[in-house]
Amino acid sequence: MYNKLLIVFNCCGLGVETIGYYRTALDSIFNQSFKDIDVTVASCLNDQKTREELQYLYPQVDIDAVDQKVPIHYAMNHAVKETLKHRPDDYFAFCYFEAGVVLTQKDALQKLVDILRRDPDIGILFPQSDHDSGSNLHFGIGSNRADTSEDSKLFGNSDIFYVPVGKALNMHLGIYSRCIYDYYNNLQPNI
């Protein structure tokens with residue numbers, strides 16, 4: 001029934017992102033041991049040349065082009081809905097993947113999928129970032145925004161930290177359980 005993970009690779013043409021930047025991140029996805037994926041590039045305000053080059057380099061991906069300035073949440077939801085119009089709807093989860101994320105372990109996606117499948121109470125799974133986790137801002141640990149040296153305090157003796165209601169961590173990669181989409185018909189608020 002639901003067998004695949006849809007990865008929405010979010011990129012934005014407003015900054016200094018380049019094809020090389022995108023390739024590093026996309027290659028880290030396609031080099032994963034977990035292969036039951038589809039990838040949609042949520043291309044917000046990238047120029048046509050960039051989109052064509054991405055499609056040439058990665059013919060297996062879908063490109064969802066948005067040519068107006070919108071929040072990343074809107075671009076994510078739009079990409080999922082557009083993908084579901086033409087691909088089989090067999091996704092057990094949907095992954096937001098920021099263009100700057102690089103998976104350094106070949107089994108990183110497999111580990112995340114295993115955690116999500118093992119615990120049905122997890123609606124959204126955010127792996128810990130090795131930079132800009134937001135722990136300083138949201139929990140007062142570490143000395144500045146980029147300091148993640150004290151993030152282990154959140155986890156204690158566990159490999160999972162359940163973020164309390166009213167708190168947050170910065171999202172660079174997040175996997176949303178299918179139940180979130182089925183209930184809200186969106187993954188993130190469009191604001």
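Is Leu-45 buried, exposed or partly exposed? At 25% relative accessibility Leu-45 counts as partly exposed, where buried means under 20% relative accessible area, exposed over 50%, and partly exposed in between (1.4 Å probe, protein chains only). This is a predicted model, in which local features need pLDDT of at least 70 and side-chain atom pairs count only at pLDDT 80 or more, while totals for chains, interfaces and linings use all residues. Residues are numbered from 1 along each chain as its sequence is written, and side-chain values use heavy atoms, with hydrogens and water left out.

**Sheet**

- Six strands form an open sheet of mixed pairing, in the order β3-β2-β1-β4-β6-β5; strands (E, at least two residues) and helices (H or I, at least four) are DSSP runs numbered from the N terminus, and two strands pair if DSSP finds at least two bridges between them.
- The edges are taken by β3 (62–66) and β5 (124–125), each with a single partner strand, so one side of each is left without a neighbour in the sheet.
- Strand β1 (residues 4–12) runs parallel to strand β4 (residues 91–98) and is joined to it by seven bridges, with Val-8 standing opposite Tyr-96 in β4.
- β4 and β6 run antiparallel and are joined by five bridges; Phe-94 has Tyr-176 in β6 as its bridge partner.
- β5 pairs with β6 in the antiparallel sense over two bridges, and the bridge partner of Leu-125 in β6 is Ile-175.

**Burial of β6**

- Five of the five residues of β6 are buried, so this strand is largely enclosed by the rest of the structure.
- Leu-173, Ile-175 and Ser-177 point one way from β6, whereas Gly-174 and Tyr-176 point the other way; in a regular strand the side chains alternate between the two faces of the sheet.

**Helix on the sheet**

- Helix α4 (residues 108–118) lies across β1, β4, β5 and β6 (173–177), running at about 35 degrees to β6; contact means heavy atoms within 4.5 Å, and axes are lines fitted to C-alpha atoms, for helices over the stretch in contact, with angles from 0 to 180 degrees between N-to-C directions.

**Pockets**

- About 1,300 Å³ of space lies in the largest pocket, a pocket being an open set of points on a 1 Å grid over the protein atoms alone, where a 1.4 Å probe fits, with protein on both sides within 12 Å along at least five of seven lines, and lining residues having an atom within 4 Å of a point.
- Its volume is the space filled by probe spheres set on the points, which are joined across faces, edges and corners.
- Of the 40 residues lining the largest pocket, Leu-112, Phe-126, Pro-127, Gln-128 and Ser-129 lie nearest its centre, and α4 gives the largest share of the lining, four residues.
- The second largest pocket has a volume of about 230 Å³, and its lining includes Ile-124, Phe-126 and Tyr-176.

**Positive phi**

- Leu-45, in the loop between β2 (37–44) and α2 (48–57), has a phi near 65 degrees, a positive value in a residue other than glycine.
- Asn-185, in the segment after α7 (178–184), has a positive phi of about 60 degrees although it is not a glycine, and with a relative accessible area of 43% Asn-185 is partly exposed.
- Most residues other than glycine have a negative phi.
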